[in-house]
Amino acid sequence: KATTKPQSVKGAFLRMLTKKLKQVIKYPKSRYTQPGYYVHLFKTIDMYRRLHLRFPAGMLVMLLALLLASCGTRAPRYDYRQLAKAAVRLDMDIDAKDNHRLYIEVADWIGTPYRHGGTTRKGTDCSGFTSAVYKKVYRHKLKRNSEEQRTKNCRKVAKRNLKEGDLVFFHNGRKKRKATHVGIYLKDGRFVHASTSRGVIVSRLEEDYYRRCWMQGGRVKGI
């Protein structure tokens with residue numbers, strides 16, 4: 001059975017990175033300078049670094065040219081380093097139309113342990129997490145438990161109409177008329193929340209448990 005040699009992996013990464021860097025530098029006003037493309041580029045570089053591969057001199061020159069170009073007055077003003085870090089931690093692409101503040105903020109919470117009554121990165125519960133994120137990103141105060149966030153802070157939204165930043169509510173399988181869990185919808189069926197067993201993570205709405213315990217989506221009033 002044939003195996004991939006480290007040298008061939010290195011070569012493949014170098015060819016891909018070279019192509020991407022040339023596109024960004026040569027076409028400063030094209031789609032190659034959109035945030036999503038930069039994020040994908042930096043994610044590729046991060047993967048390369050994780051393989052402990054060293055960049056050749058020519059690649060470093062192009063990286064320097066890219067960084068200098070990104071400081072120019074014509075370059076879009078995005079913090080690509082933070083966006084790339086957020087994309088890696090959330091394991092999802094971040095596009096130009098996305099709320100970058102939201103993605104960067106929730107990415108910083110990934111891995112925070114669950115703690116009942118908590119509202120900080122030392123430990124948080126589900127409604128404490130949504131409250132803290134909304135206060136930071138939207139400068140909006142939410143109620144302190146999931147049921148009150150559902151009934152007092154939100155208007156109902158169907159699952160098919162969910163938008164970035166909407167809250168998603170779940171019951172516990174027994175009391176189906178009361179929300180016992182809440183998270184923040186991102187996109188593509190994915191939401192971020194404080195799980196009792198795993199802390200702050202990103203999950204998918206189609207996962208069996210969340211599909212069975214789905215209650216409703218909620219769009220926060222006044223946002």
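1. Surface. In this predicted model, the protein exposes about 13,200 Å².

2. The protein has 223 residues, of which 47% count as buried. Among contacts with a separation of 6 or more, 56% are accounted for by residues 24 or more positions apart.

3. Secondary structure. Eight helices and eight strands make up the assigned elements of the protein. The points below turn to one of these helices, α6.

4. Geometry of α6. Helix α6 covers residues 126-137, 12 residues in total. From its first C-alpha to its last, α6 reaches 17 Å, which is close to the 16 Å expected at 1.5 Å a residue. Arg139 follows α6 and has a positive phi, near 55°.

5. Of the 12 residues of α6, 10 are buried, so the helix is largely enclosed by the rest of the structure. The buried residues include the run from Cys126 through Ser127, Gly128, Phe129 and Thr130. Ser131, Ala132, Val133, Tyr134 and Val137 are also buried.

6. Cysteines. Cys126, one of the buried residues of α6, has a relative accessible area of 7%. Cys154 is likewise buried, at 6% relative accessibility. Both values lie under the 20% cut-off for burial. In general, a disulfide is a covalent bond between the sulfur atoms of two cysteines. A search of the whole structure for such bonds finds zero disulfides.

Conventions: Residues numbered from 1 in each chain as written. Predicted model: local features only at pLDDT ≥ 70, side-chain atom pairs only at ≥ 80, totals over all residues. Heavy atoms only, no water. Disulfide = S-S within 2.5 Å. Buried < 20%, exposed > 50% of the residue type's maximum accessible area, 1.4 Å probe, protein only. Helix = DSSP H or I, 4+ residues; strand = E, 2+ residues; numbered from the N terminus. Expected span 1.5 Å × (residues − 1). Contact = heavy atoms within 4.5 Å. Areas by Shrake-Rupley, 256 points an atom, 1.4 Å probe, with all protein chains shown as cover.
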